[in-house]
Amino acid sequence: MESKLIAAKSEPLWNTNNKVISIVGALVVLLFTIPLFGLNSFYLHLFIMIFMHAVMAQSWNVIAGFSGQISLGHGAFFGIGAYATSFFYMQFGITPWISIFFGMFISAIFAVLIGIPMLRLSGHYFAIATLLIGISFQVVFQRWDLVGAASGLWVTMTPEDSWIALQFHSSKVPYYYVFLIFFLITFFVVWLLSRSKLGYRLRAVRDDPQAALSLCINVSNYKIIAYVISAMIMAPMGSLFAQYILIIDPDRVFNIEISIIVLLITVLGGIGNVWGPIIGASILIPISEYSRIYLGGTGGAVDLIFYGLILMIICIFRPNGLISLIPKDILERKKQR
Amino acid sequence: MTSEIILQAIVTGLMMGLIYALIAAGLSLIFGLMEIVNFAHGEHLMLSMFSSFWLWSLFGLDPLFSIPITILLLAFCGVLTHYFLIRYILKAKMLIQICATFGLSIFIRSIAQLLWTPDFRNVDKPLLEGRIEVGSVFIGQPQLYASLVCLLAFIGLYLFVTKTETGLALQATAQDRHAAEVLGIPSNKMFAIGWAIGLGCVGVAGGMMANYFFIFTDVGINFALFAFVAVALGGFGSIIGCLYAGVIIGLVESLGGLLIDPSFKLLYVFVIYLLVVIYKPQGLFGRY
């Protein structure tokens, strides 16, 4: 017993299966070389969307998957991030590279302010409250004249590509790399989080709050920490998205669809698992983009029909997500013999 | 700001509140039975309004007379929902239940958008039209009758649940599924009945609102939000709580809109919700 404990303690946190490391390494190298193949901009757009949604879903995964609080209004933080960069750039000329952090900071403050009263609520009460929050943000921004009210913000365009203003008009490749790097950083951070003490405590809070409390884990504090981390992951994506499309309005960046799609991606991929959002995003985003090309375009929401159907089917047949199809021993750490 | 305007706002809020109460009662009944929140409730309301609209537009049936058909259609829809979706996720985690009904709501709404386009429609020249003047207060006739019918349906629902044998069986299942099964009450059948009645309530509300409300595919979202809030306010699973909560929400909505700014009425309701659930987490009349 004692020797096992020592062995477990001496084992480094990042000790993972060699197979997984090599697969992930190969994938990362592949992702970095993809733009060199000269793909047309649609495929680059597809990849950018996959990265963006994977990170957004990962953000939701932290609060819902790890700490078990179902937030249905996560689009609020996305919108805050988007508005932060655009607003500070247009009003004060601050480069988006700095105002991304403003966005994260503002989101974190809102997460604390929202979290303190609301994370005391449990289950359905919290879900409904967050649903209301997401819509309240939209309502407020639609009427707030300082940030352009309902017509939104049209980011001033630089005449040429600019790394300082984070605007590229001639090619999507720089955007690709920016999104890719944010994607990799986020995943690394969340992967570390999932294996850290904090990650285990969050899961303890999710699985049995009372048992966690009896082990001196301050349940409500940890929920707030998870909510703040989750908001800080979400906000930069909003910022980058604003830089990517350069026109933002409340109906787009505070849309309830954002809160829905992060939920959908995570549940599809596998909730509470670091890899779930990647799998979910890389399956769902192509489906949605292609169905929009071939079936949509006339206002018919064909991609949404698929979303709804997929979500119900997954809930009925695979509540643990597609990740549960992969044999467990590939993903788990190698057993010490 | 005279007292007449405030009186007018109170009457309007009261009439709207009774409709919210009935919609919320359906939600609450379903939750009380199987602890599942039907996030597709707004979409079911939309379906009921469309059913009323199509019966009028295709067969020339006035919304007032098509209500029984709408109720039956919605009840059938509820049984289908239970049979194809809910019975598989009864034992699942809460997250999965939320996601499943959320998926259903996206599915119904987008199918409706595909079939009927997102256009705004309304019923032209229904039987109930015009307004009546009581003192200095104007009351729209369709609104008045809608709220009265909703109140009647609510009373009927309450009597059904508390007085009839089926209603008592429903209550028994809600309290303890397994004990009820031991006593020979098939819980699966009770759940189906619960869904049928719950959505039947929505059918009444939607059918009456089709008289004067615009009918479009996103119409349900706001009503469903207020219904969720009403259920949480009144206490999950409590039917009588919904009546009070619905009326409170209706009044807050219309008085807040009058006294402060109508475009933020969602926020006032939200504030009320937060205040109540923070100080009384189980709601006004909740069991949980």
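Modeller: In this predicted model, the meeting of the two chains involves 35 residues of chain A, which are in contact with 38 residues of chain B. On the chain A side, three helices each supply at least two residues: α6 (123-142), α12 (256-269) and α14 (302-317). Of the elements on this side, α6(A) gives the most, with 11 residues. By class, the residues of chain A that touch chain B divide into 27 nonpolar, 6 polar and 2 charged. As general background, nonpolar side chains in soluble globular proteins tend to be buried together.

One of these helices, α12(A), may be followed away from the other chain and into its own. Two packed helices are described by the angle between their axes and the distance between the axes. For α12(A) and helix α13 (residues 276-294) of chain A, the angle is about 110° and the axes are 7 Å apart. The two helices, α12(A) and α13(A), are therefore roughly perpendicular, since angles of 65 to 115 degrees are placed in that class. From α12(A), the residues that take part are L264(A), I265(A), T266(A), L268(A) and G269(A). They meet a set in α13(A) that includes G276(A), P277(A), I278(A) and I279(A). Further along α13(A), the set also includes G280(A), A281(A), I283(A) and L284(A). Sorted by class, this contact between α12(A) and α13(A) has 9 nonpolar and 4 polar residues, and no charged ones.

Apart from neighbours within four places in sequence, I67(B) is in contact with V204(B) and G207(B). I67(B) and M208(B) are separated by 141 residues in sequence, yet their C-alpha atoms are 7.5 Å apart in space.

Most residues other than glycine have a negative phi. In chain A, L246(A) has a positive phi, near 65°, and is not a glycine. L246(A) is placed in the loop between α10 and β2 (247-248) of chain A. With 15 C-beta neighbours inside 10 Å, L246(A) counts as partly exposed. In chain B, E35(B) also has a positive phi, of about 55°, although it is not a glycine. E35(B) lies in the loop between α1 (3-34) and α2 (41-59) of chain B, and it is partly exposed, with 17 other C-beta atoms within 10 Å.

Chain A contains 15 helices and 2 strands. A compact globule of 337 residues would have a radius of gyration near 20 Å, and the 20 Å of chain A agrees with this. Taken along the principal axes, the C-alpha atoms of chain A fill a box of roughly 65 × 50 × 40 Å. Of the 337 residues of chain A, 45% count as buried. Among contacts in chain A between residues at least 6 apart in sequence, those joining residues at least 24 apart make up 76%.

Chain B has 11 helices and 2 strands. Their order along the sequence is α-α-α-α-β-β-α-α-α-α-α-α-α. The radius of gyration of chain B is 19 Å, close to the 19 Å that the globule rule gives for 288 residues, so chain B is as compact as a globular protein of that length. The C-alpha trace of chain B spans about 60 × 50 × 35 Å along its principal axes. In chain B, 53% of the 288 residues count as buried. Of the contacts in chain B with a separation of 6 or more, 78% are between residues 24 or more positions apart.

Definitions and conventions: Residues numbered from 1 in each chain as written. Chains lettered and ligands numbered in written order. Predicted model: local features only at pLDDT ≥ 70, side-chain atom pairs only at ≥ 80, totals over all residues. Helix = DSSP H or I, 4+ residues; strand = E, 2+ residues; numbered from the N terminus. Rg over C-alpha atoms; globule rule 2.2 N^0.38 Å. Buried ≥ 20, exposed ≤ 12 C-beta atoms within 10 Å, placed from the backbone. Contact = placed C-beta atoms within 7 Å. Nonpolar A, V, L, I, M, F, W, Y, C, P; charged D, E, K, R; others polar. Axes fitted to C-alpha atoms, helices over the stretch in contact; angles between N-to-C directions. Parallel < 35°, antiparallel > 145°, perpendicular 65-115°, else oblique.
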